[in-house]
Amino acid sequence: MLDINKNKRNDIQELKSRTFEIIQIGTRVDFWSRAFDYFITVVILLNIIVTFLHTFESFSKFASAFQGIELVTTIIFIVEYVLRLATSDLLYPEKNFHKAIFLFVFSLYGIVDLLAIISYFSVVFTSGFVALR
């Protein structure tokens, strides 16, 4: 029983380490890390383009498509943010887990990521944070 739990913990730690390797800036030799970098870049650009086009009245006929794309890209941003929180102790290995999360949340990347997520929901539920989008 003890060996099974130890193996599960090792498997979880390996998965966490691999996730961290993938979501951090990739290397040319790691296909999945590089693929993630390209994927998230495309998602960011798509979100920016859709948000920009959404401001023009001439594109209002595409409003529902734009809203759908914004929702999907925001969900991707949320998943990425959660993964970064979950692996933050690998980003700050000298810190305990909670301190590492704190450091990530208040880092430049953590703040930018969180503002992108919050701005989407603030626009959906209120008229605030439009300048952030």
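Q: Hey, what should I know about the model before we start?
A: It is predicted, so local features need pLDDT of at least 70 and side-chain atom pairs count only at pLDDT 80 or more, while totals for chains, interfaces and linings use all residues. Residues are numbered from 1 along each chain as its sequence is written, and side-chain values use heavy atoms, with hydrogens and water left out.

Q: Which residue does D89 pair with?
A: D89 pairs with K16, with the closest N and O atoms 2.9 Å apart. D89 is in helix α4 (residues 88–91) and K16 is in helix α1 (residues 2–23), so they tie together parts 73 residues apart in sequence. Helices are DSSP runs (H or I, at least four residues), numbered from the N terminus.

Q: And which residues are in a network with R18?
A: E21 and D30 are linked with R18 by salt bridges. The E21 pair has its closest N and O atoms 3.1 Å apart, and the D30 pair is at 2.7 Å, N to O.

Q: Is D30 buried or exposed?
A: D30 is buried, at 15% relative accessibility, whereas R18 is partly exposed at 27%. Buried means under 20% relative accessible area, exposed over 50%, and partly exposed in between (1.4 Å probe, protein chains only).

Q: Switching topic, where is E70?
A: E70 sits in helix α3 (residues 63–86) and is buried, with a relative accessible area of 6%.

Key. Helix = DSSP H or I, 4+ residues; strand = E, 2+ residues; numbered from the N terminus. Salt bridge = Lys/Arg side-chain N within 4 Å of Asp/Glu carboxyl O.
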